[in-house]
Every structure is written in C-alpha cells, then in structure tokens.
Amino acid sequence: MSERSEGTNEHSTRERVSAEQNLSEPSQAGHDRVEREKRIAAEAAAALVQDGMTVGLGTGSTVAYLLPALARRNLSLRCVASSPHTHHAALGLGLTVQEFDTLDHLDITIDGADQVAPDGWLVKGGGAAHTREKIVAAAADQFIVIVDSCKLVAALHAPVPVELLEFGLPATLRRLASATVRGVPRSPDGGVIADYHGEVGDPARLAADLSGTPGVVEHGLFPPSLVATVLVGRDDTVERRDLPPPGR
C-alpha cells in the first residue's frame, strides 16, 4: 500500500471517529438532561411529604431518585411499595416499608408515568407493575406524578401496557386484536405483561373497552380523577400542574 493510500485511510478513520463523537455528544447531553429533570421532579415531590404520613411508592427510573430524596429527609413514615424492586430499594435506604394488607388508606402516593396528556390522562406500566401502581394510587388522598419533560404528549398513543391472566391467554389476545406479549418477567402477582398497539383515541372509551375484556386484569390508562398533581422537571426547574378534584 502506498504512503498516500495509508494517509487517506488514516484521514478517513479520523473523520469517522470525529463524526461518531459529534453524534454521541448531543445524545449524552440529552440523556443527562432527562436524568436531571427526573431527579429534580422527584426531589420536589419528596419535599411535599410530611412527618407521620403513610406513603405509596411507585416503580421506575424516576422513583429511583425519589427514594433517596425521601430517606435524606429522615421523617417518620410508613411506606407501601408497588413492586418488590421498590420494596427492597426503600428498605435498603432505611425507609419503613410494610405490606399493603396492613393499611386501607394512604396519605400520598408518588409515582412516575410513561406519558402525560394535557388533560391529565396517563399511560403507565413500562415497568410492568401498573396493576399495583393503580391500586396504590387510588388508595391515596393525593397522587403525585413525577416526570421529565419528554413524558409530556399532545395525545396518548400506543403502546398501552396491559396485564393479562395466563388462563385463556390466546383467546384474550385474539379479542384484543392489537396486543402482543412483552418479553419481560410476570407481574408481581403472576400476570402476563402485554402491550396494546391499537389506536388510543378517546382514552376513557379505550379504558372501558380494555376493562370490559375478559382476561384483562388491568390496563395502564390512568384517568385524571386519580391525579392530584403532576410535577414536571424542565431543564433546571420544576413545573407544577394541579388537577381539579373529581366533579369540578
């Protein structure tokens, strides 16, 4: 090979490496921004918790920032976790976690979301724990949702997580038509995790249709009536969105 060819190849290699670096730098910056937004939203939610409260803990990457923020406050709390992962993580940080069969009411529940629509409808369940998450959210006087700004959407869209009974699973999937089983472990209660890929349209109508389908344990559409406040991390600030109480 000639010196000219070697020089050309070296130059091409340097250009390729430089181009790859330029592409990765914005990607890393975007990732860092999202993680920062999750963290500040979680910390803002932790600041709402008062001493002596019963607290529902959600599941997911944003809740991972909530747990240490709560632990640092050193409050006297009784917590309920929506998944075994959250349960063990909270215990490891020194938070008091008890089984949900010892409480019938929570003062506050804090959890993330995969999508947040302008009217307060949510899609949850990316972490395959949406059935327990919905029970814990519904048991609370206040359900606080914590998200980064990327989770805000103009309208909800697929996929919508669903938990299904294993019994009659092929028949349930056939009735749902646009659903596929997700390649993840079962839910904490043994349900099969799948995703509905059809059009969402009116979330209330789809929620009713999914709830009325035999074999569907629970779906990941959460109505605005469950949500008290959405805390959105946006760059270096937290935007607070309070939803009107049901019936108003």
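Q: How many helices and strands does the secondary structure come to?
A: Helices (H or I, at least four residues) and strands (E, at least two) are DSSP runs, numbered from the N terminus. In this protein the secondary structure comes to six helices and 13 strands. The model is a predicted one, in which local features need pLDDT of at least 70 and side-chain atom pairs count only at pLDDT 80 or more, whereas totals for chains, interfaces and linings use all residues. Residues are numbered from 1 along each chain as its sequence is written, and side-chain values use heavy atoms, with hydrogens and water left out.

Q: What share of the residues is buried?
A: A residue is buried under 20% relative accessible area, exposed over 50%, and partly exposed in between (1.4 Å probe, protein chains only). Of the 248 residues in the protein, 44% are buried. Turning to contacts (heavy atoms within 4.5 Å), those between residues 24 or more positions apart account for 71% of the contacts with a separation of 6 or more.

Q: How should I read an aromatic pair, and which rings form the pair here?
A: A pair of aromatic rings is described by the distance of the centres and the angle of the planes. Rings of Phe, Tyr and Trp (its six-membered ring) pair if their centres lie within 6.5 Å, and planes under 30 degrees apart count as stacked, over 60 as edge-to-face and the rest as tilted. A search of the whole structure finds one such pair. The ring centres of Phe 143 and Phe 222 are 6.4 Å apart and the planes stand at 40°, so the pair is tilted. Because Phe 143 belongs to strand E6 (residues 140–148) and Phe 222 to strand E11 (residues 221–222), the pair ties together parts that are 79 residues apart in sequence. Phe 143 is buried, at a relative accessible area of 1%, and Phe 222 is buried at 0%.

Q: Which charged side chains lie over the face of Phe 222?
A: A charge sits over a ring if NZ of Lys or CZ of Arg is within 6 Å of the ring centre and within 35 degrees of the ring normal. Lys 124 lies over the face of Phe 222 at 5.6 Å from the ring centre, and Lys 134 lies over that face at 4.9 Å from the centre.

Q: Where does Lys 134 find a salt-bridge partner?
A: Side chains of opposite charge can pair when their charged atoms come close. A salt bridge is a side-chain nitrogen of Lys or Arg within 4 Å of a carboxyl oxygen of Asp or Glu. Lys 134 forms one with Glu 218, the closest N and O atoms being 3.1 Å apart. Glu 218 lies in strand E10 (residues 216–219) and Lys 134 in helix H4 (residues 130–138), so this pair ties together parts 84 residues apart in sequence. Glu 218 is buried at 18% relative accessible area, and Lys 134 is buried at 12%.

Q: How many salt bridges does the structure hold, and how far apart in sequence are the parts that Arg 36 and Asp 236 tie together?
A: The structure holds 15 salt bridges. Between Arg 36 and Asp 236 the closest N and O atoms are 2.9 Å apart. Arg 36 lies in helix H1 (residues 3–46) and Asp 236 in the loop between strand E12 (229–234) and strand E13 (237–242), so the pair ties together parts that are 200 residues apart in sequence. Arg 36 is partly exposed, at 27%, while Asp 236 is exposed, at 61%.
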